[in-house]
Amino acid sequence: MTATASNTLPHGRIHNFSAGPSALPLPVLEQIKEEMLHLPGARASVLEISHRSKDFERILGEAEADLRKLLGIGASHQVLFLQGGASQMFATIPMNLASGAKTGYLVTGAWGKKALKEAKAVCAATALWSGEADGFRGVPASGEFASDGDWAYLHYTSNETIQGVQFQSVPESGGAPLVCDMSSDFLSRPVPVERYGLIYAGAQKNLGPAGLTVAVIREELLKRAPASLPEIFKFSTHAENGSLYNTPPTFSIYAAGLVLKWLLETHGSLEAVADYNLAKAALVYDAIDASGGFYKPHANADCRSPMNVTWTLADASLEGEFLKGAEAADLSGLKGHRSVGGMRASLYNAVPRESAEALASFMNDFRKRKG
Ligand SMILES: *Cc1c(COP(=O)(O)O)cnc(C)c1O
């Protein structure tokens, strides 16, 4: 085997294709290390200071300002830094927004299915479209589901992390507020925030360490929560308290803040981030498409994800050997989710182009040897 893929990253670090928690930008990790004993100004680490200190208030304020700048969030929407993961949002969204009314879900993969299941525990939630019968390979075309203003909201998952299926445009909600789980493609491309009622994302895919969940919510939706809902679960509680109702995940917010600054400094805009991501993903999809059927893509071509590339081997008996060879070439985290099988390469913002090149080159070599 050619050793082209080995040890090309600094510090002998692996090519990290983990689906989440996942790769962070090296300059961010270096800054964290640098500041671990002395956060500038604080003379203590960020782990050791009050969430109500002026140093942490500055960190929180800058993280919000940088997020607003990158995503283009206007005064119509509030930014919340929450805990509990996207999974807790699956429950708190219907608790806050449904108020006994019906809600509609577009189910394009495993996460959307989980979101719908949680909503059913709270309100009358319906799958307006599901790709399950087809193995979750596609997204609905605009005429394939009907949503209207009767729904408390329309929920969808912009990028299904497990199946590698991504919406290429914003679905038409027919007047219902649009709610979107963007956990695995948050900040990977530009988003028309003004069209959404609520965007949410767990940080550990594309934004920072685990423990932080970001929500971007339209101001008027904050008023919908029933008074009987415990304060801690009301989005309005966190909005009214500037995400400091209780102790937030301070370290994760700090690290996410550094990632936001890195995105602004390295790429400048989400258009540039998207270009970079599409070029990385094209390297891997080209290796699949040019393989003459040796590698088989899971998602339909019109909605395949630049974030999570999913594929199987035509000869499934070679998959163990593929993964072993990949590990030996420092290509880590490629085993697909057990529900899909095969391989998955997660190519989030912080995964450098060199890693996608190393993977494509390994895939081409492996096919030449075994095909
Ligand atoms: C990872 C993921 C989740 C679950 O996130 P948690 O933070 O573990 O709750 C939900 N939705 C999508 C799209 C994901 O990728």
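This briefing covers domain layout, helix packing, salt bridges and backbone geometry.

The structure is a predicted model, in which local features require pLDDT of at least 70 and side-chain atom pairs count only at pLDDT 80 or more, while totals for chains, interfaces and linings use all residues. Residues are numbered from 1 along each chain as its sequence is written, and side-chain values use heavy atoms, with hydrogens and water left out.

**Domains**
- Domain 1 (30-266) and domain 2 (269-370) divide the protein chain; the bounds come from an automatic or database domain assignment.
- Taken over C-alpha atoms, the centres of domain 1 and domain 2 are 27 Å apart.
- To the contact (heavy atoms within 4.5 Å), domain 1 gives 28 residues and domain 2 gives 25 residues.
- About 2,000 Å² is buried between domain 1 and domain 2, 55% of it on carbon and sulfur atoms; buried area is the accessible area (1.4 Å probe) that two parts lose on being put together, summed over both.

**Helix packing**
- Helix H7 (residues 270-289) packs with helix H9 (residues 353-370) at an angle of about 5°, and their axes are 8 Å apart. Helices are DSSP runs (H or I, at least four residues) and strands likewise (E, at least two), numbered from the N terminus. Axes are lines fitted to C-alpha atoms, for helices over the stretch in contact, and angles run from 0 to 180 degrees between N-to-C directions.
- H7 is therefore roughly parallel to H9, a term for angles under 35 degrees.
- Residues of H7 in this contact include Tyr276, Leu283 and Ile288, and those of H9 include Arg353, Leu359 and Met363.
- By class, the contact of H7 with H9 has 10 nonpolar (Ala, Val, Leu, Ile, Met, Phe, Trp, Tyr, Cys and Pro), one polar (the others, Gly among them) and three charged residues (Asp, Glu, Lys and Arg).

**Salt bridges**
- The whole structure has 11 salt bridges, each a side-chain nitrogen of Lys or Arg within 4 Å of a carboxyl oxygen of Asp or Glu.
- Between domain 1 and domain 2 the count is zero.
- Arg68 forms a salt bridge with Glu64, with the closest N and O atoms 2.9 Å apart.

**Backbone**
- Gly20 and Pro21 are joined by a cis peptide bond with omega about -10°.
- Ser243 has a positive phi, near 65°, and is found in the loop between helix H5 (235-240) and helix H6 (250-266).

Key: Angles under 35 degrees count as roughly parallel, over 145 as roughly antiparallel, 65 to 115 as roughly perpendicular and the rest as oblique.
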